[in-house]
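Here are some notes to read alongside the structure, written for someone new to looking at proteins. Keep the 3D view open and find each part as you go.

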Amino acid sequence: MNPDAPVRRILHCDMDCFYAAVHMRDDPSLRGRPVVIGGSPAGRGVVAAASYEARAFGIRSATPAARAVRLCPQAVFLKPEFPRYRLESRQVFEIFRHFTDIVQPVSIDEAYLDVSSRLDRWGSATAVAQAIKQRVRDERGLTVSVGVAPNRLLAKIASDRDKPDGLTVVPPSRVHAFLDPLAVRDLPGVGPATERRLERMGVETVGELRAVPLDRLERGFGRHGATLYRYARGQDDRPVRVHRERKSLSAERTYSQDLTALTEMDEELGRLSERVGRGLAKHGLGARTLTLKVRYEDFTTLTRSRTLVAPTADAGEIASVMRLLLRHSEAGRRAVRLLGVGGSNLVRGGIAQLALFAPD
Amino acid sequence: MKIRLKRSEFLNELAPMQGIVERRTTIPVLSHLLLQSGDDRLGLAATDLDVSLTSWCQAEVEGTGGIAVQARKFLEIIRAVVGEEVVLELTEENRLKISAGSSRFTINGLSADDFPTLPEVDGESAIALPFAQFKRMVGKVIFAVSTEESRFQLNGALVKLKQDGLEMVATDGHRLALVENGFEGAVEADGVLVPRKALLELQRFEGDGSLDFRRSEHHLSFKLGRRELICRILEGTFPDYERVIAKDNDKVATFDSRLLAEAVQRVALLTGDRARAVRLELAAEGAKVSAANPDLGEASEEVACEFEGEGLSLGINPDYLGHFLSAVDTEKVRLELKDENTQAVGLPIDGDDVRYLCVIMPMRV
């Protein structure tokens with residue numbers, strides 16, 4: 001690690017009991033009760049998530065459902081609703097992105113944020129973390145545990161220290177004090193096997209691990225030894241990668257005067273499709289799913305989608321799908337204030353079927 | 001109404017009705033067949049409102065009447081029973097008694113009055129097309145008809161009479177197939193768009209008689225023997241297809257049709273389902289077909305070919321190439337190419353058709 005590198009401020013934000021929390025937020029009768037998501041109590045399957053109340057009974061994710069029932073017969077078993085979680089996740093991540101552009105989602109319910117460049121506005125990384133927690137609570141009714149540290153490794157460990165609704169800050173000067181008392185298994189990459197072998201070397205805490213020379217770790221663990229050596233010192237220079245792969249591309253327009261005639265709307269859809277088609281082509285993408293968005297004069301909004309046999313970036317093809325979908329709406333009978341055209345389910349790698357006819 | 005008829009003959013006429021009947025319909029009567037008594041015959045009809053089929057069977061008829069019966073169930077029954085003869089009897093309101101061998105069925109039907117009135121196509125005199133040839137021509141273009149509902153004007157083939165010739169063209173916007181054959185006495189006329197479903201059902205007809213073709217303002221009629229298929233003309237403007245048939249492709253590769261088809265099919269095993277593309281590389285030494293997929297791996301195969309011109313490489317949908325290669329009926333084919341962004345043109349070598357070609361737009365890989 002370069003000692004002259006500026007100190008980074010990294011946040012690891014980890015939603016508390018995410019799946020269960022979403023259900024408990026939306027159904028007050030579940031609050032305070034052991035809630036288990038996934039697996040049917042009668043059949044097989046494993047638990048996908050458990051509320052803290054259920055965890056108190058020893059139920060964890062991946063506990064077989066049948067065992068979960070034995071551990072806690074009074075638990076409420078719910079079917080997972082992944083589309084609902086994904087939608088929620090997107091909204092929470094949007095809040096994260098409000099604080100910094102550098103957001104790296106790790107899974108549906110956790111992300112790393114690099115807020116190093118945002119300290120002027122917020123004063124400190126801790127203040128950013130507090131503001132994020134506040135907004136997630138106010139806007140989404142959920143709690144998030146945040147670790148604040150100079151790198152991803154420490155932020156990740158820190159977010160787990162004070163769950164739920166935790167905030168753990170590791171200032172650069174306190175790295176060793178923070179790590180040393182932890183058990184080695186608290187380090188990422190230390191599973192039961194590594195833990196047992198370290199134990200045989202007389203190493204149980206991170207502080208003890210830090211005392212082991214590099215060559216001995218390398219002899220014992222190969223390349224993984226060097227990682228253990230760095231992790232024991234709280235060193236990790238992996239950047240937070242913003243790797244926001246484009247998931248969709250769209251164009252929409254609100255009209256100063258509501259559109260009433262289908263012919264007018266068809267023309268507008270032609271223009272919007274042209275924009276989407278050009279955008280897709282520019283990025284070397286093709287969309288397999290096309291979505292029409294219509295907002296009526298009373299602001300009610302609907303979307304209609306169609307999935308094609310082959311991906312397209314062809315404006316003519318997009319427009320003809322849009323015009324068909326428009327006829328599956330009440331447009332024409334109701335005035336329209338906004339039209340939108342979107343492509344999703346994008347195919348990368350530039351494989352795209354070229355069109356025989358120029359767009360009409 | 002009581003009707004006695006030969007089971008085998010009846011089955012012959014019942015079977016093609018199944019293709020017309022809508023399987024998933026919100027209008028119950030469209031999953032039904034109309035049975036209607038006539039003079040010494042039983043009339044049959046099926047429709048999905050766009051395409052209709054009528055036919056008849058010779059029968060001994062007592063009284064008059066009609067009923068609509070659930071098409072699939074009715075066929076299953078007539079297939080399952082034994083005996084050479086079937087007797088149908090309209091009993092009480094909308095119930096039909098079926099007797100064959102020692103079996104007795106009484107099935108519930110719908111009133112014949114609920115069955116849609118089928119359009120009639122009369123007026124102009126019919127044009128007699130040689131059916132066997134017509135069927136062969138349909139087989140050479142139908143794969144290129146679009147099944148994307150949104151491109152409704154491409155959901156059928158253009159059938160066009162020319163001076164002493166008949167032409168059929170189909171395209172889905174990515175590839176196009178065109179076939180033309182001699183048809184003596186024909187006079188140039190506007191083309192008409194025949195929906196895909198009508199073509200598919202016509203392809204199932206058997207026989208080598210003449211297919212009487214008529215058109216009215218909105219409908220077409222195709223009559224072969226006792227069967228008449230009526231369909232609504234597909235509305236819309238068919239694209240200017242001659243414009244996209246590349247004329248100056250200067251690179252020409254000659255292949256054995258079967259060898260190329262098999263190689264493409266094998267290599268295509270390693271293409272994904274989302275965007276299927278194989279790479280076709282042509283050089284003086286020969287051709288290579290290859291595929292690479294980040295999830296699956298790579299495949300390649302050399303294929304013998306005669307090639308003139310500068311080498312080139314292009315991506316192509318293996319299904320599009322495969323469809324052409326299985327429709328073409330000559331031992332050898334010629335691919336005319338220009339570059340990786342220009343449509344390839346596939347042609348038979350020593351074919352019987354006046355003109356047959358398939359234009360395929362490449363894929364960007």
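1. Let's begin with the place where the two chains meet, bearing in mind that this is a predicted model. Chain A and chain B bury about 2300 Å² between them, and 56% of that area is on carbon and sulfur atoms. In chain A, the residues that lose the most area to chain B are Gln353(A), Leu356(A) and Phe357(A), which together account for 33% of what that side buries.

2. How many residues take part in the contact from each chain? Chain A gives 24 residues and chain B gives 28 residues. Across this interface of chain A and chain B, 0 salt bridges are found. The count of residue pairs in polar contact between chain A and chain B, with both residues at pLDDT 80 or more, is 1.

3. Now look at which parts of chain A touch chain B. Two or more residues each come from strand S11 (301-312), helix H14 (315-326), strand S12 (336-347) and strand S13 (352-353) of chain A. The largest share of this side of chain A, 5 residues, comes from S11(A). Sorted by class, the side of chain A that touches chain B has 14 nonpolar, 6 polar and 4 charged residues.

4. Strand pairing also crosses from one chain to the other. S13(A) is joined by 2 bridges to strand S27 (residues 363-364) of chain B, and the two strands run antiparallel. To find the spot, look for Ala352(A), whose bridge partner in S27(B) is Arg364(B).

5. Next, trace a sheet within chain A. Here 4 strands form an open sheet in the order S9-S12-S10-S11 (chain A), with antiparallel pairing. Its edge strands are strand S9 (248-259) and S11 of chain A, each pairing on one side only. From one strand to the next, the twist averages 15 degrees. S9(A) and S12(A) pair in the antiparallel sense over 8 bridges, and Ser248(A) has Ser344(A) in S12(A) as its bridge partner. Helix H13 (residues 262-282) of chain A packs on this sheet, touching S9, strand S10 (286-296), S11 and S12 of chain A. The direction of H13(A) makes about 155 degrees with that of S9(A).

6. Chain A also has an open sheet of 3 strands in the order S3-S2-S4 (chain A), where the pairing is mixed. Why is one side of some strands left without a neighbour in the sheet? Strand S3 (49-50) and strand S4 (76-78) of chain A stand at the edges with a single partner strand each, so one side of each has no neighbour there. Strand S2 (residues 35-37) of chain A pairs with S4(A) in the parallel sense over 3 bridges, and Ile37(A) stands opposite Leu78(A) in S4(A). Helix H1 (residues 18-26) of chain A packs on the sheet and touches S2, S3 and S4 of chain A, its direction making about 120 degrees with that of S2(A).

7. Two details of the backbone deserve a look. Cys17(A) is not a glycine, although it has a positive phi of about 45 degrees; Cys17(A) lies in the loop between strand S1 (10-15) and H1 of chain A. The peptide bond from Lys163(A) to Pro164(A) is cis, with omega near -10 degrees. You will find Pro164(A) in the loop between helix H7 (152-159) and strand S8 (167-169) of chain A.

Methods
Residues are numbered from 1 along each chain as its sequence is written. Chains are lettered from A and ligands numbered from 1 in the order in which they are written. This is a predicted model: local features need pLDDT of at least 70, side-chain atom pairs count only at pLDDT 80 or more; totals for chains, interfaces and linings use all residues. Side-chain values use heavy atoms; hydrogens and water are left out. Two strands pair if DSSP finds at least two bridges between them. Contact means heavy atoms within 4.5 Å. Axes are lines fitted to C-alpha atoms, for helices over the stretch in contact, and angles run from 0 to 180 degrees between N-to-C directions. Buried area is the accessible area (1.4 Å probe) that two parts lose on being put together, summed over both. A salt bridge is a side-chain nitrogen of Lys or Arg within 4 Å of a carboxyl oxygen of Asp or Glu. A polar contact is a pair of N or O atoms within 3.5 Å; within protein, one must be able to donate a hydrogen and the other to accept it, and residues adjacent in sequence count only if both atoms are side-chain atoms. Ala, Val, Leu, Ile, Met, Phe, Trp, Tyr, Cys and Pro count as nonpolar, Asp, Glu, Lys and Arg as charged, and the others, Gly among them, as polar.
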